[in-house]
Amino acid sequence: MRAAVLAGVLLLALATPALAQTPPPPGDPGGPAAEVGRLVGQLSTLQTRLDDLADTAGHRRELANRAVADETAAQARVTRARAEATAARGEADRVAGEAEAARAQVDAWVAAQFQQADASSIAAALAGTNGPNDVAERLQLQGLVSAEQTAALDGYEQKRVDAANADSRARKAAADAQAAADTARDAADAARDQLAAARSAVAAQQQRIATVTAQRTAAQARLATLEASDAALAAQRRRAEAAQAARDRAQSASDAAARAAAQQRLATAAPKPAATTPDPDPPSGTGTPTPAPGAPADPVEIVIDRALSELGTTYAWGGGDADGPTRGIRDGGVADAFGDFDKVGFDCSGLMIYAFAGVGKQLPHYSGYQADAGPKVPLAERRPGDMLFWADGDGIHHVALYLGDDRMVEAPQSGKVVRVTAVRFDDEILPTVTRLL
């Protein structure tokens, strides 16, 4: 995701052709105009290097999302396993209580027989017994047991078997919960290693960025000095800045109109039933209001409109959930290096989570796992609503939503906002798209 050239550098680049066409004064081949041309070229090259460095750092950051997603999923499995173990133990205790109550009923009946029946008959019935069942059989043979009493003894035996089975299930559930906890611990260790590697990669990129930024600052300072001494150069810069400002205003107005139109469509159209049930208890956040009842809408249109409704929203690593933009996360290095923990917005995979949540599709917060969330279709057969992916040697590092006509909507990288742009058909785009609808 090559970042757009910074406004100042773009303005200088716009001025390059005019400067290049102006020959230096006779006898002064190294005059101010020639130096300005060299500085503009240098600034453009330096900015391209900065963009490339920021892209690489962004890749490492999205890969760090994989570590977070893995650890989160493992912890979720632990929570479920522990809940199941608790429920199983509760059921075992309940059944054991019923078995104990049945045994107490049998004991009470035997005591009553001692008080009411012939002592010699009772003594004979109990002689050499091995438990309540033996007692029951002997007493039944002697005609001392009623049908109700036999049912009580049978019920006790069944409760005893049920209690043993429930206890076995509870023990297995506890063992499963422990195994899940062990797996989660391993996932947490792996996540820490991956995050450490990502932090190291970002730190290296930050050092390179600082070096190139210093070079750019020096070139800009020299250019400013030249402009201060040449009114024509200063006027040229002002004209270029005004032109760029006008383009920025036009783009902002276009984005605002597209965002408002998408929000209006979402507010007036009811989605068709989705194939997947939405999370009954999604995380809190802000986003587009729940659509009011109306004519059924195409799920693809809902997904696209939800993404477009966030045009202009700030990028924040780790930001975005089913309800909309959220505060970015702090991890001690990767996100902190960009200040995203103090922003509310989306990262690339967070925007996809929000877009597809509108039709009940739940996605993990990592683009690599999102690529495996549905059928894969050749890139040449892409259609609106498909997810596009980019990868390098370390794996998938970016995702965007295809709009049609080779346009897409994405949350690009730190310092940028959700935007519509042309699809980048470079050597990192995957040859397949993922189609959920």
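## Core packing and ring contacts

Let's start with Val409: leaving aside residues up to four places away in sequence, Val409 touches Ala307, Leu308, Leu311, Met352, Ala400, Leu401, Leu403, Val418, Arg419 and Val420, where a contact means heavy atoms within 4.5 Å. Bear in mind that this is a predicted model, so local features need pLDDT of at least 70 and side-chain atom pairs count only at pLDDT 80 or more, while totals for chains, interfaces and linings use all residues. Residues are numbered from 1 along each chain as its sequence is written, and side-chain values use heavy atoms, with hydrogens and water left out.

Val409 belongs to the largest nonpolar core, a set of 35 residues in which Met352, Phe356, Met387, Leu401 and Val409 touch the most other members. A nonpolar core here is a set of buried Ala, Val, Leu, Ile, Met, Phe, Trp, Tyr and Cys residues joined through side-chain atoms within 4.5 Å. Buried means under 20% relative accessible area, exposed over 50%, and partly exposed in between (1.4 Å probe, protein chains only). Two or more residues each come from helix H6 (231-268), helix H7 (299-308), helix H9 (348-357), strand E6 (387-392) and strand E7 (395-404); these are DSSP runs numbered from the N terminus, with at least four residues for helices (H or I) and at least two for strands (E). H9 gives the largest share, 7 residues. There's also a second, separate core of 14 residues, with Val78, Ala88, Ala177 and Ala180 among them.

Now for the strands. E6 is largely enclosed by the rest of the structure, because 5 of its 6 residues are buried. E6 and E7 run antiparallel and are joined by 6 bridges (strands pair if DSSP finds at least two bridges between them). A hairpin of 2 residues connects E6 to E7, and Met387 stands opposite Leu401 in E7.

On to the rings: the whole structure has 2 aromatic pairs. Rings of Phe, Tyr and Trp (its six-membered ring) pair if their centres lie within 6.5 Å; planes under 30 degrees apart count as stacked, over 60 as edge-to-face and the rest as tilted.

| Pair | Centre to centre | Plane angle | Class |
|---|---|---|---|
| Phe346 and Tyr354 | 5.7 Å | 40 degrees | tilted |
| Tyr366 and Tyr369 | 5.0 Å | 90 degrees | edge-to-face |

Phe346 is buried at 0% relative accessible area, and Tyr354 is buried at 0% too. Tyr366 is buried at 2%, whereas Tyr369 is partly exposed at 32%.

Arg306 lies over the face of Tyr354, 3.9 Å from the ring centre.

Technical notes:
A charge sits over a ring if NZ of Lys or CZ of Arg is within 6 Å of the ring centre and within 35 degrees of the ring normal.
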